[in-house]
Amino acid sequence: MARTPPDLAWTLARAHLARRRTQNVLTVLGIAVGVMVLIAALSLTNGFTRALVDATLRASPHLSVTAFVPTPRDPALEAEMRADPRVQAFVPFLGDKGLLTRPASAGRGAGVDFTTLFGVTPDAARVLQLNPEEGALLRGLEGGEVLLGSALARSVGAFTGDEVRLLNSTQRRATLRVKGVFTTGNYLIDSGYAFTSLGTLQRLQGTRNVTGYQLRLHDPDLAPAVGSELTRTRAYTPIPWQSLYGTLLDQLALQKRVIGFVVFLIVIVAAFGIANVLTLAVFEKTQEIAILRAIGATRGVITRTFLLEGAALGLGGLLLGNLLGLAISAYFTVRPFQLPGDLYFITALPVEVRLTDLLWVNAVGLGTTLLAALIPARRAANVEPARIIR
């Protein structure tokens, strides 16, 4: 039985690649470095986004429904939320802003800072995902007690057991005892939020009303849909976390696009290395190409030869780049990059490798290298054998 002859284009491409090993290795390394940096940068950006959102949602509800004007608790709305399988927990709340001060004492100067104060019931510990010890403090808040964000407590200079004075938005004053502090990892929350019992804030404002309800959902992405359904026939405004932190999410998405584009330029530069190597090969092998054309090799065979060379170099670079990029991501998973929490809101930078990013990087990288190889391939295919041999 006769053997099938090997493909001429692949045979020629393999022979060409074997002759220029040093240049080919450098070209593959150039592509690998670009892909490695791109994968690592996207993974770190994904991790930063996820960590920042997670830290934000620890002390923020997935959804708030606020009444147009403060109103008594709504039993019908509470019953609907309790029956909704998408709602994990909810809590009525009363919000206020105020000035928090700690009087000077022996050895300590006075402290002062502004705060956003929430009056909540013990169910708030189910809506806000604090660590167990802090959740217990929130659940056990009694009249006249306050739970401070860690950065806010440092700013005011208040420790557990200290007394602080509150001047609220209606110019009413109260003295509160610090129950403890909480830490979310998001500096904006830790430096501005404080919690007290719902009854304490209601007495301070002289009302029995609430601002609305805060909800935690099983799936945070459903917050806009759930809020729209709950408030469709009620005088409430839904505020999903995506709207509350919309600017932040937009900035993070823009950051990822900019980083991806800038780093992708490295891949483009490496792709020009392929074009350079193949262009030199065309010049050196012009006579060989002319002879092949003269003995019957078609333009398609010549074009396919150089495209196969470019694809081999590109795939080699992509494979090595993927391995190196995943290795770097694994390293930062084991030893996260440390960040100043007061500047970036989180103290460590986690890594999140997404399959969609890997597919995008490899598809665009392979397409770029093939386009880079197409120019010298077409040049080789257009060699006129009669003119060269003559």
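Which helix holds isoleucine 274? In this predicted model, isoleucine 274 sits in helix α11, which covers residues 246-284.

Isoleucine 274 has a relative accessibility of 0%. The cut-off for buried is under 20%, so isoleucine 274 counts as buried. What surrounds isoleucine 274? Setting aside neighbours within four places in sequence, its contacts are Thr27, Ile31, Gly310, Leu313, Gly314, Thr369 and Ala373. Leucine 370 is 96 residues away from isoleucine 274 along the chain. Yet the C-alpha atoms of these two residues are separated by 9.0 Å.

Now move along the helix to leucine 254, which also lies in α11. Is leucine 254 buried, exposed or in between? Its relative accessible area is 46%, and leucine 254 is therefore partly exposed. The in-between class applies because 46% falls between the 20% and 50% limits. Leucine 254 belongs to a nonpolar patch on the surface.

Finally, turn to a loop. Glutamine 171 lies between β5 (163-168) and β6 (173-182). Most residues other than glycine have a negative phi. Glutamine 171 has 59% relative accessibility. Exposed means over 50%, so glutamine 171 counts as exposed.

Terms used:
Residues numbered from 1 in each chain as written. Predicted model: local features only at pLDDT ≥ 70, side-chain atom pairs only at ≥ 80, totals over all residues. Heavy atoms only, no water. Helix = DSSP H or I, 4+ residues; strand = E, 2+ residues; numbered from the N terminus. Buried < 20%, exposed > 50% of the residue type's maximum accessible area, 1.4 Å probe, protein only. Contact = heavy atoms within 4.5 Å. Patch = residues over 30% accessible without salt bridge, like charges linked within 9 Å, V, L, I, M, F, W, Y side chains within 5 Å. Areas by Shrake-Rupley, 256 points an atom, 1.4 Å probe, with all protein chains shown as cover. Salt bridge = Lys/Arg side-chain N within 4 Å of Asp/Glu carboxyl O.
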